[in-house]
Amino acid sequence: MASFLQPSNQPDESGPTAAMKSSGFQTSLEVETIRELLAIMGPSGCGKSTLLDTLSGRLGSNARQAGEILINGRKQALAYGTSAYVTQDDTLVTTLTVREAVFYSAQLQLPDSMSMAEKMERAEITIREMGLQDAMNTRIGGWGDKGLSGGQKRRVSICIEILTHPKLIFLDEPTSGLDSAASYYVMRGIARLDHKDGLRRTVIASIHQPSSEVFRLFSNLCLLSSGKTVYFGPASAANEDLEQGSDDVIPTEEVIDTLVKSYISSEYWQQVQVKVAEICKEDFEALERGTMLDF
Ligand SMILES: Nc1ncnc2c1ncn2[C@@H]1O[C@H](COP(=O)(O)OP(=O)(O)OP(=O)(O)O)[C@@H](O)[C@H]1O
């Protein structure tokens, strides 16, 4: 698996890179997750959903935002179909089967240039990609009308959002309300997408208390505390970095301050700065050559 710090030699095959610098919420984050999964973690109220909303351009007008969000090193709006946002709530029509729900959605979302047969095929492939082939003809169901399990419903919601093959996928707590097995199947479906269809995606998910199996699926971790980044780097390296604590009782604010300072003076922070600068330079050079980075 490629490290998140490895430069891409083939920018035209890469997924998008989102970078957010020093927002007005005092969150400072640069995200580089080409072909990998980034977990945004932290205690309740630390700002996970806010960061996700900010990166995806969904932040409400009543919130103040500063800094900039760069996609592949450039300020640009996310074009229709290039990104998807899967919310915590499944808003599905309970009387439809999985096949019907995904196919109807394909008819609405996919371009007129695709034939009905192609749309049907895309729907079926997407259902299989998310491991729902055995539930293809099961009604979604709701209160008093037992249908799919919670985890299966979440996977149907994800199917509907990935029909257009977005390269940037935001997931807000995709495992909330699910047991550890269902959480694992949801996240494994997402993690395997690239391998199944060969399309490369950037996935950014806020996640609460993942099991160790789910955590291992993530390549990178952004750990927040009170809206500040206390760690951003390879998920596998987070343990050793954060376990160096002390037994002394220190006020929470002081601990957060120490963690933020320690992160900013760490090699991970330095490497992220270098990587973001490289991406911006690559984009500038691509612009000069007239070969824009593909999104
Ligand atoms: N960087 C920040 N600076 C200041 N306030 C922030 C910041 N990020 C989020 N907030 C505020 O903190 C509150 C909680 O944020 P948010 O809902 O994003 O947290 P969360 O981690 O997603 O919480 P939960 O896990 O409980 O869903 C919101 O009122 C939000 O406006």
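**Group meeting: the sheet and a helix pair**

So, let's start with the open sheet: six strands in the order β5-β6-β7-β3-β8-β9, with mixed pairing. Strands here are DSSP E runs of at least two residues, helices are H or I runs of at least four, both numbered from the N terminus, and two strands pair if DSSP finds at least two bridges between them. β5 (83-86) and β9 (228-234) sit at the edges with a single partner strand each, so one side of each has no neighbour in the sheet. From one strand to the next, the twist averages 15°.

Quick caveat: this is a predicted model, where local features need pLDDT of at least 70, side-chain atom pairs count only at pLDDT 80 or more, and totals for chains, interfaces and linings use all residues. Residues are numbered from 1 along each chain as its sequence is written.

Now, β8 (residues 220-225) runs antiparallel to β9, and six bridges join them. Asn220, for instance, has Pro234 in β9 as its bridge partner.

On to the helices. α2 (residues 98-109) packs with α4 (residues 150-162) at about 25°, axes 9 Å apart; axes are lines fitted to C-alpha atoms, for helices over the stretch in contact, with angles from 0 to 180 degrees between N-to-C directions. α2 and α4 are therefore roughly parallel, a label for angles under 35 degrees.

Who touches whom? Val98, Ala101, Val102 and Ser105 in α2 meet Val156, Cys159 and Ile160 in α4, contact being C-beta atoms, placed from the backbone, within 7 Å.

Methods. Parallel < 35°, antiparallel > 145°, perpendicular 65-115°, else oblique. Contact = placed C-beta atoms within 7 Å.
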